[in-house]
Amino acid sequence: MRNTFCWKRVFMGFSALMVVWLAACVKNRSYDVPPVACLSNVKANATYSEVKNLYKGETIQIQEDLIIEGFVVSSDAAGNFFSVLYFQDSPSNPTQGFQIEIDLRDSHLFYPVGSKIGIKLKGLYLGKSKDVFKLGGSFMSFGNISVGRLPAAVVNEHIFRFCNGDAVIEPTQIVISDIEKEQTNTLVTLNDVEFVENVLEQNFAEVGEETERLLTDCADKEIVVLNSGFSDFQSETLPDGRGRLTGVLLRENDSYMMRIRNLDDIDFDQERCAELIDEFTSEHILISELADPDNNASARFVELYNASDGALSLKGWTLERYTNANTEVGSKIDLSPLTIDAGGYVVISPNAAEFKSVYGFSPDLAVGTNSPADSNGDDNLRLVDPFDTVIDVFGVVGEDGSGTDHEFEDGRAVRKPEILKGSTTYDFKEWHIFNDSGDAGTTRLPQKAPDDFTPKNQG
């Protein structure tokens, strides 16, 4: 009897161990768990704004008996969220969202989407990272307290569900260009969006890595979609087509991102956007002034002029510099940030601070030294449109400008006002050239900044 009893205890212990082992191997995050206790006799006594106003520039531990409430909008059921719970102040048309860091796996089983929850704030830490507020526990980083995950053992001491009030979340319907800061941490639906073409055959995420995939709309506005390399859909191929994408709107300072909860958050049932033509050419964009002041090399600049009767985006345009007698491009400026008004000028400077100090206003584009805007007067320039067509030139590529009719060392090259089109070959007759030599028909008259130069004005 003694041996029988002993073996029975061993068998029972082994059985219990097997149950634990099997439970640990469950991969489906939807298995049943005991229901979370709810509370009905507790009320919120603070707003999100009041809580955020407690922050005075550094992480604090909240000492007041404050309670806020909200509706859960995130879910870790598919593994794309981890150790964080996002909630907003209303199931529809929310005004603010919040987040709390928790060291709790499968939180969707306790706080499913739409749950009305309360947060008991006393003892929690409030901090701010990249201009976004968050709640949670604490950890030390380089001697400073930061907000970290709230330990699983005390999560239910701070987060509870209301017995009544669970709701269906209605995502805020927006387009990328209408995103507002107040929508951070809330559930939104972006309409008429698609993944950019160069990622279409890729998976949602690289294995084990947080992965960014770029989303765009038909107006070429873009936003990043964040996907976890541990999510259930990591290996799925990004969908083609266009439609809606729902997710929690995240933010880091002025940069916005989306994180979906599962693949049901994507519904691309329309054809992709027609290709947007936003690159244009014109023979009426020309180089109008080059500056190499005798008294201040840091005040150099290049000026472009639009002789047409319509404004033009310079997206895809470049300005190339061929140093001395070189036939290969030595440096290049991407002019894409610029739009040039009808009859207007844009000025490009290699030293924006010095330019403003000398000429009294800021350049339209600040670039680096040794760029096409930083020529010492013996280099050659080409203005190229988005389709690799040369629209205008200054100088002769392959010819050092020293001693030629296109040298403007210590001086200035300014286009004559009657010239209204660019030229693919250099024509000295279109220019007034000032320098320190007077060779080849140029004018020997060194130019001094600012008086001898006319940036953004006809010379």
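Leaving aside residues up to four places away in sequence, Ile 287 touches Glu 303, Leu 304, Leu 319, Leu 381, Leu 383, Asp 392, Val 393, Phe 394, Arg 415 and Trp 431, where a contact means heavy atoms within 4.5 Å. This is a predicted model, in which local features need pLDDT of at least 70 and side-chain atom pairs count only at pLDDT 80 or more, while totals for chains, interfaces and linings use all residues. Residues are numbered from 1 along each chain as its sequence is written, and side-chain values use heavy atoms, with hydrogens and water left out.

Ile 287 is also among the residues with the most contacts inside the largest nonpolar core, which has 29 residues. Such a core is a set of buried Ala, Val, Leu, Ile, Met, Phe, Trp, Tyr and Cys residues joined through side-chain atoms within 4.5 Å, buried being under 20% relative accessible area with a 1.4 Å probe, protein chains only. Several strands, including E18 (285–291) and E19 (301–306), each supply at least two residues of this core, and E27 gives the most, with four; strands are DSSP runs of at least two residues, numbered from the N terminus. Apart from this core lies another, of 25 residues, among them Tyr 55 and Leu 104.

E27 also belongs to an open sheet of four strands, ordered E22-E21-E26-E27 with antiparallel pairing, where two strands pair if DSSP finds at least two bridges between them. E22 (331–334) and E27 stand at the edges with a single partner strand each, so one side of each has no neighbour in the sheet. Further in, five bridges join E21 (residues 318–322) to E26, and Glu 320 has Arg 382 in E26 as its bridge partner.

Notes:
Buried means under 20% relative accessible area, exposed over 50%, partly exposed in between (1.4 Å probe, protein chains only).
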